Amino acid sequence: MYDVWKNALAEIEQKISPANFSTWFQNTSLLSTENGEIKIGVKNTFYVKQLRARYLDIIKTALENNGLEVNSIDFEVNSSSKPKVRSREVTKADDLIKKRTPSLKNNSTTSENGLNQKYTLETFVVGSNNDLAVGAARSIIDAPGSRYNPFFLYGGPGLGKTHLAQAIGNELLKRDPDLKILYTPISHFYSDFVESIRNGKGKEFNRKFQKLDCLIIDDFQFIVGKEKSQEEFFNIFNDLYQLNKQIIITSDRLPSQIKSVDERLASRLTMGGAFDIQLPKFEDKCAILRAKADQIGAEIEPEAIEYIAENVNTNIRDLEGEFSTILLMSEVRGLTPLELIRNGSVSVSRSSKLRPLAPKQVVEKVAKYYNLPVKEMCGKSRVANIKTARQVAMFILSKELSMSTPKIASEVGVKDHTTVMHGIKKIEQDLKLNFTLRDQIAEIKEKIYG
Ligand code: ADP
Ligand code: MG
């Protein structure tokens, strides 16, 4: 029986994607075949539904091809094929999910050119937070080295910079496998450079870059304070640029906001345009989760997706993390994601919104941070720094406590709630480019929650 199933699995494996295969078939077994009534053992009820809905025909054919008579196929939850994970151990969720759902994280091979094939444009969901950047990326793929060169991509951590930058490289290679592309985080560039100097191979180092058609530098912000490598980078940059070779750079901030970056270099880096990736909105988050679910063939209710999207407000990396955890718990406990949420088994932790906070406390902390008496901050002063502090308070009350604008108005001592709306918008706008403000708000939040 074991062999029949093994052969059948081998056949099934040929027909479906590796990700789906390992997700849905990895822990299955053939329990009985009497009178053509096939019984297949699975881990839990979640699998029964999926296998029945999606793979019944494939399973039937595979069994028949291996000499079995198939009149009916049934699935049974088989405790021996249950993973030996108790709910307490769900902290290891990500590791386990990695093993079971390779398409989400693990089907990755990094080749010599530094590119990881898991990062494709296909799996990169376009939303209001990144559409301009993706538009530019597409035009680079169509005509590298022409329009957006260099392509400077920036934004906070976990928002998709590496994914998009690598996707451009991978797509370029798909179109022309002969292209010479190199992806390297700036930190590796630096250490390779230092190493080459130490070995007296500085020229070789430089030559390696001269040959490239496309250079992708990730996390450029880490260049801080490394003057020698900055100079070398500048030289390589100029040479490639003059040859119309495509240069792609990612960073968590604009070059002008990276302290030790030479002004000349800073302005050259954004010559081809600077594109930012912003925090995803609710709809963007839902679209990303839906796409991830489809990729691995996981069943997750729309309400569960909305719950995760609503509650993870940090970045896409965390969004993926929560999603994986819930899917794993669902697998381990034999409940659907929504059932888990409804019965209180999951509380998404990456949400500051869940923590109870008094508006008054928030206002006090903001005032204290800016060294202002609450009365002054919540007064009528139009002095710039006081006004900004007031607007930051409005912003935090809105984002962290989800308060309505009229309520915020009365909390920060302004008459009209449209002033609050304006204030929040102002901070939202400023946050895009003002990294000092970004840091300040992060620090205030730490003080509030810490
Ligand atoms: P960054 O480099 O900005 O820190 P990453 O590119 O590493 O962020 O992205 C973090 C995770 O989120 C990755 O697993 C990536 O695949 C995923 N991700 C980010 N943006 C998107 C998107 N628009 N669609 C799908 N997955 C995304
Ligand atoms: Mg990155």
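A residue counts as buried under 20% relative accessible area, as exposed over 50%, and as partly exposed in between. The exercises below apply this scale and others to a predicted model.

**Exercise 1. Determine which peptide bond is cis, and where its proline lies.**

Solution. 
Step 1. The bond from Asn149 to Pro150 has an omega near -5 degrees and is cis.
Step 2. Pro150 is placed in the loop between α6 (131-142) and β4 (151-154).
Step 3. In general, most peptide bonds are trans.

**Exercise 2. Compare two residues of one loop: is Asp252 buried or exposed, and is Lys259 buried or exposed?**

Solution. 
Step 1. Asp252 occupies the loop between β7 (246-251) and α11 (263-269), and Lys259 is also in the loop between β7 and α11.
Step 2. Asp252 has 18% relative accessibility, so this residue is buried.
Step 3. Lys259 has 82% relative accessibility, so this residue is exposed.
Step 4. Beyond the residues up to four places away in sequence, Asp252 touches Tyr154, Gly155, Lys161, Gln221, Phe435 and Arg438.
Step 5. The side chains of Asp252 and Arg253 are joined by a polar contact of 3.0 Å.

**Exercise 3. Describe the surroundings of ligand 1: which residues are closest, and which polar atoms approach the ligand?**

Solution. 
Step 1. Ligand 1 is surrounded by 17 residues, of which Gly158, Lys161, Thr162, His163 and Glu320 are the closest.
Step 2. By class, the shell consists of 6 nonpolar, 7 polar and 4 charged residues.
Step 3. A polar side-chain atom of His163 is 2.6 Å from an oxygen atom of ligand 1, and a backbone N or O atom of Leu159 is 3.2 Å from an oxygen atom of the ligand.
Step 4. A polar side-chain atom of Lys292 is 2.9 Å from a nitrogen atom of ligand 1.
Step 5. On its own, ligand 1 has 560 Å² of accessible area, and the protein covers 92% of that area.
Step 6. The elements contributing two or more residues to the shell are α7 (161-175) and α14 (316-333).

**Exercise 4. Identify the largest nonpolar core and the element that gives the most to it.**

Solution. 
Step 1. The largest nonpolar core contains 31 residues, and Val366, Met377, Val392, Ile396 and Val412 have the most contacts inside it.
Step 2. Two or more residues each come from α16, α18 (384-401), α19 (405-411), α20 (417-433) and α21 (435-449).
Step 3. The greatest contribution is that of α18, with 8 residues.
Step 4. Apart from neighbours within four places in sequence, Val392 is in contact with Val366, Tyr370, Ile427, Leu437, Ile441 and Ile444.
Step 5. Another core lies apart from this one; it has 27 residues, including Phe152, Leu182, Ile236 and Phe435.
Step 6. In soluble globular proteins, nonpolar side chains tend to be buried together.

**Exercise 5. Place Lys368 in the fold, and classify its exposure.**

Solution. 
Step 1. Lys368 is part of helix α16 (residues 359-369).
Step 2. Its relative accessible area is 66%, so Lys368 is exposed.
Step 3. The C-alpha atoms of Lys368 and Ile444 are 9.5 Å apart, while the two residues are 76 residues apart along the chain.

**Exercise 6. Summarise the chain as a whole: how many helices and strands are there, and what share of the residues is buried?**

Solution. 
Step 1. The protein chain has 21 helices and 8 strands.
Step 2. Of its 450 residues, 50% are buried.
Step 3. Among contacts with a separation of 6 or more, 72% join residues 24 or more positions apart.
Step 4. The chain exposes about 22,400 Å², of which carbon and sulfur atoms supply 49%.

Definitions and conventions. Residues numbered from 1 in each chain as written. Chains lettered and ligands numbered in written order. Predicted model: local features only at pLDDT ≥ 70, side-chain atom pairs only at ≥ 80, totals over all residues. Heavy atoms only, no water. Near = heavy atom within 4 Å. Polar contact = N/O pair within 3.5 Å; in protein donor to acceptor, adjacent residues only side chain to side chain. Areas by Shrake-Rupley, 256 points an atom, 1.4 Å probe, with all protein chains shown as cover. Helix = DSSP H or I, 4+ residues; strand = E, 2+ residues; numbered from the N terminus. Nonpolar A, V, L, I, M, F, W, Y, C, P; charged D, E, K, R; others polar. Buried < 20%, exposed > 50% of the residue type's maximum accessible area, 1.4 Å probe, protein only. Core = buried A, V, L, I, M, F, W, Y, C linked by side-chain atoms within 4.5 Å. Contact = heavy atoms within 4.5 Å.
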